[in-house]
Amino acid sequence: MDETENTGGTPLIVPLTVEPAGEAPAQPTKVGCDNINVYYGDKQAIFDISMAIPERSVTSFIGPSGCGKSTFLRCINRMNDTIETARVEGKIFIDGEDVNSHHIDPVLLRSRVGMVFQKPNPFPKSIYDNIAYGPRIHGFASSRDDLDEIVEKSLTRAGLWQEVKDRLTRPGTGLSGGQQQRLCIARAIAVSPEVILMDEPCSALDPIATARIEELIDELRERFCIVIVTHSMQQAARVSQRTAFFHLGKLVEFGDTETIFTNPSDNRTQAYITGRFG
Amino acid sequence: MTDTITNTEAPAPSQFRDEAARKRLKKRNAAEQRFKFYGMAAIGVALAFLVLFVFSIGSQALTAFSHHKIRFDLPLVAETVAPMGVGDTAAIAENVSGFHQLVRENLARRFPEAAAQGRERELNDLVTRLAVLPMARTTAENPGRIGETLTYFAALSDDLDLYLKGAVAPERRISLGQISFEQVRNGDSVSLRLPGSGAFLPVSNYVAGVIDGTSVLLQSGPNIVLWVGPDNGYQTFDLLTGSVEGFADAPTRARIIELPESARNVSDRQIAWTLALKEEGRITQVFNWALLTNADSTYPEIAGVLAAIVGSLFTMLITAMIAIPVGISAALYLEEYAPKNRITDLIEVNINNLAAVPSIVFGLLGAAVFINFLSLPRSAPLVGGLVLGLLTLPTMIIASRAALRAVPPSIRSAALGVGASKTQTVLHHVLPLAAPGIMTGAIIGMARALGETAPLLLIGMVAFVAEVPAGPTDEATALPVLIFKWSTGAERAWEPNTAAAIVVLLTFMVLMNALAVFVRRRFERRW
């Protein structure tokens, strides 16, 4: 089914509003994608994907390994630019602005679209510097007090403040895996992004740390548009409002999480969520 | 039949438990033991060579690190010491002739027999002319004391120094107890003889077994005689120094020097005078500071490595200024920015090739480009540093690229993910994390450059440099070149000097490598 009908929506901000058959999204579209094709050299990894990711909600990408979820995710903040052989075709809009257009600076784009990676990757610096790095290079804080405030706010939002407030000068790499991942989330939200992309953020964590991150994602939904790639269907069902199922570089099905998991319309989705492949 | 009911077929015997398996296991274990043994043997051989090397260089160098000095109490006669007047300190400081004259007079007074036998030259050779230079310089600093009698020390001639260190000829010493000679007057000359052969028997028995021309010196206190030979049942002797009467005062020792006088650089008389001075306590063995504080000289006893060390330091300074910034920049560009295409591949291959180019080729390049084409000064650390910098550059680039590549890509993603630009990512995160590796590469590259000889020979840094260079454009030489030069010296004394210079060079190398290990341990970050 074609999910990119340009039906107007709230025309001032969003030129591409997706109305998947029957169900209107609760939120206006934040990220719109139009016929995305991604090639690694001669090999095509993503085929004609179009979708609209709503504001202030969690959208999860599921699918078997190698189906292009992460590649597609990385199109949104142009991280694929850093891979030399990668070539992206198609248009991606954030608030109606084409991210691939010439007057968009990819570096600025990446501060508007934060990213959390599969493996926790704090800088080998102090906890404080990990959070303060982004605001510092963007010049968000005019004084030390401002910076302190940003650091505290970000850590609090990431649910890490109580645990680390007495050891802000200790290296971030000394934290546990779950804490490191929350530190990375805090680092991402410290630059006040509009969208947060999470690439399998819990795959390296134990169930308790995973539960904490999931709680956190649920809280962050209030403020941000979150896109999460996950291998765990339970996680997708728990945290997301919308779910996209990818298979072999194609978007098979995209809709409300509940619908996808209870009443998928494609039998490949059905097969995947019931564990018959993938 | 029960057979049909129960399964008679026994379970297949495990392939890992039968006799053949046990044999295979034994064989495999033996092979493993053997392999481990080969490894240990290889390390053992390497260690043995290292120990041998350190021992041979160390024992050679030890003789050079101490030397013998003669004490002189010299009355500073103004006319001799300061012929241009006491005020002209520059002239005093360079008045080698005057001071050597004082030294010669002092020795002549002590050993009047030298003049009597026309052997002043031999006596004067106890102290090399230039060895009195330190005396002249200290006097020039204190010209007010001219006229007084002051105590000075001067280096003993290198050959006699080696004799005292036992490096000239195999020598055997025999204690003879109390001896008194009969003096036989024969016209003008007096000859000495021992009645019978009793006391001298151990010596004559020993000498009969060794080569002709062996010198036998008999010493009692500062009095020394030379054995001439048997004559009519007497053993006859010549008095070299001191008095015959003195032999009554102290027991006599015989020194049998098993090398003919003609085959030595030191005569029997010189040995006798040296031994007499030593007996009086005027010759002492002290640490050879001159080796570290003097510049090069044509005389091994006063030659030092200071000029070469300073030359090497200036050279290394230039090398570091070329190799480190250029190497790091090139590595950063190739590793972080450059697109992967045919041109960068070509550059990469050629950098690796350049690292394998023999160092002497770089010397030729330096001579052709820097000296002939750019007309930079010959024999200068500036040119040496440029050449060694080019030589170190490929190594530096390769080491820096390896260090940059070792920084996990997740750090780059993290920085890019919070909106850092490429340059911010590199400067704030990648470079600091790669710094210990880059520094280690730089220090080891510099240590290699410090030991390079061939390219420096070609750009003329092999010149004889008796002055400590004051800057990178002065004429200079470098430590490894000095070692090469000293090792070709004709005099025996250059041999321990060479070893000592090698020890100095190795000390610098070990220090630099230790610094590299320290930097790596101290600044290495784990993630």
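Guide: pLDDT is the predictor's confidence in each residue, from 0 to 100. Keep that in mind, since this is a predicted model. Chain A averages a pLDDT of 85, and 90% of the residues score at least 70.

Visitor: What makes residues 1–24 of chain A a stretch to handle with care?

Guide: Their pLDDT is below 50. Where pLDDT is low, the predicted coordinates should not be read in detail. The model does give residues 1–24 of chain A 47 contacts beyond near neighbours in sequence.

Visitor: Why is B:Ala108 called partly exposed?

Guide: Count the neighbours. B:Ala108 has 14 other C-beta atoms within 10 Å. Buried takes 20 or more, exposed takes 12 or fewer, and partly exposed is in between. So with its 14, B:Ala108 counts as partly exposed.

Visitor: Where does B:Ala108 lie, and what is it in contact with?

Guide: B:Ala108 belongs to helix H5 of chain B, residues 96–110. Leaving out neighbours within four places in sequence, B:Ala108 is in contact with B:Ala114, B:Ala115, B:Glu120 and B:Leu123. The cut-off there is C-beta atoms within 7 Å.

Visitor: What makes a group of residues a nonpolar core, and which residues have the most contacts inside the largest one?

Guide: The members must be buried nonpolar residues from a set list, Val and Ile among them, joined through C-beta atoms within 7 Å. The largest core has 80 residues, and those with the most contacts inside it are A:Val195, A:Ile196, A:Ile226 and A:Val227. A second, separate core of 66 residues includes B:Leu391, B:Leu433, B:Leu458 and B:Leu505. Back in chain A, A:Val227 touches A:Val195 and A:Leu197, among others, not counting residues up to four places away in sequence.

Visitor: How many residues of chain A are in contact with chain B, and which classes do they fall into?

Guide: On the chain A side there are 22 residues, in contact with 17 residues of chain B. Helix H2 (106–112), strand E6 (113–116), helix H3 (127–138) and helix H6 (177–189) of chain A each supply at least two residues of that side. By class, the chain A side has eleven nonpolar, seven polar and four charged residues.

Definitions and conventions. Residues are numbered from 1 along each chain as its sequence is written. Chains are lettered from A and ligands numbered from 1 in the order in which they are written. This is a predicted model: local features need pLDDT of at least 70, side-chain atom pairs count only at pLDDT 80 or more; totals for chains, interfaces and linings use all residues. Two residues are in contact if their C-beta atoms, placed from the backbone, lie within 7 Å. Helices (H or I, at least four residues) and strands (E, at least two) are DSSP runs, numbered from the N terminus. Ala, Val, Leu, Ile, Met, Phe, Trp, Tyr, Cys and Pro count as nonpolar, Asp, Glu, Lys and Arg as charged, and the others, Gly among them, as polar.
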